[in-house]
Amino acid sequence: MSFLGLRKWPTPILKPLWPFMVAGTVTMYLVAKAQSSGIRSEQWRNDSRNPYASELAKESLH
């Protein structure tokens with residue numbers, strides 16, 4: 001018997017979805033790492049469209 005469509009026992013949510021959460025976290029980390037390395041590359045380091053150009057110029061002076 002259910003009351004308003006609720007079961008007696010809760011439906012598991014995290015147990016079947018943990019691989020997708022881990023994969024999403026790893027993917028986000030790798031994309032951020034690739035973006036960071038792309039911004040810091042020699043080709044884009046001195047480009048005026050790079051929003052981090054001033055920060056990279058300060059780092060290269062030290």
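The backbone oxygen of tryptophan 44 lies 3.0 Å from a polar atom of the side chain of asparagine 50, a polar contact in the sense of a pair of N or O atoms within 3.5 Å, where within protein one must be able to donate a hydrogen and the other to accept it, and residues adjacent in sequence count only if both atoms are side-chain atoms. The model is predicted: local features need pLDDT of at least 70, side-chain atom pairs count only at pLDDT 80 or more, and totals for chains, interfaces and linings use all residues. Residues are numbered from 1 along each chain as its sequence is written, and side-chain values use heavy atoms, with hydrogens and water left out.

Asparagine 50 sits in the loop between α2 and α3 (53-61); helices here are DSSP runs (H or I, at least four residues), numbered from the N terminus. With a relative accessible area of 9%, asparagine 50 is buried, since buried means under 20%, exposed over 50%, and partly exposed in between (1.4 Å probe, protein chains only). Leaving aside residues up to four places away in sequence, asparagine 50 touches Ile39, Trp44, Arg45 and Leu56, contact meaning heavy atoms within 4.5 Å.

Arginine 45 also takes part in one of the two salt bridges of the structure. A salt bridge is a side-chain nitrogen of Lys or Arg within 4 Å of a carboxyl oxygen of Asp or Glu. The partner of arginine 45 is glutamate 42, with the closest N and O atoms 3.8 Å apart. Both residues belong to helix α2 (residues 42-45) and are three residues apart, about one turn of the helix. Glutamate 42 counts as exposed because its relative accessibility is 63%, whereas arginine 45, at 21%, counts as partly exposed.

Aspartate 47 and arginine 49 also form a salt bridge through their side chains, at 3.0 Å from N to O. Aspartate 47 counts as buried at 17% relative accessibility, while arginine 49 counts as exposed at 63%.

Helix α1 (residues 14-39) holds methionine 21 and serine 37. The side chain of serine 37 reaches the backbone oxygen of alanine 34 at 2.9 Å, and serine 37 is partly exposed, at 47% relative accessibility. Methionine 21 is partly exposed at 41%. Together with Ile13, Leu14, Leu17 and Phe20, Met21 makes a nonpolar surface patch of about 540 Å². Such patches are made of residues with over 30% relative accessible area and no salt bridge, nonpolar side chains (Val, Leu, Ile, Met, Phe, Trp, Tyr) being joined within 5 Å and like charges within 9 Å. Accessible areas come from the Shrake-Rupley method with a 1.4 Å probe; for residues, only the protein chains shown count as cover.

Conventions
Helix = DSSP H or I, 4+ residues; strand = E, 2+ residues; numbered from the N terminus.
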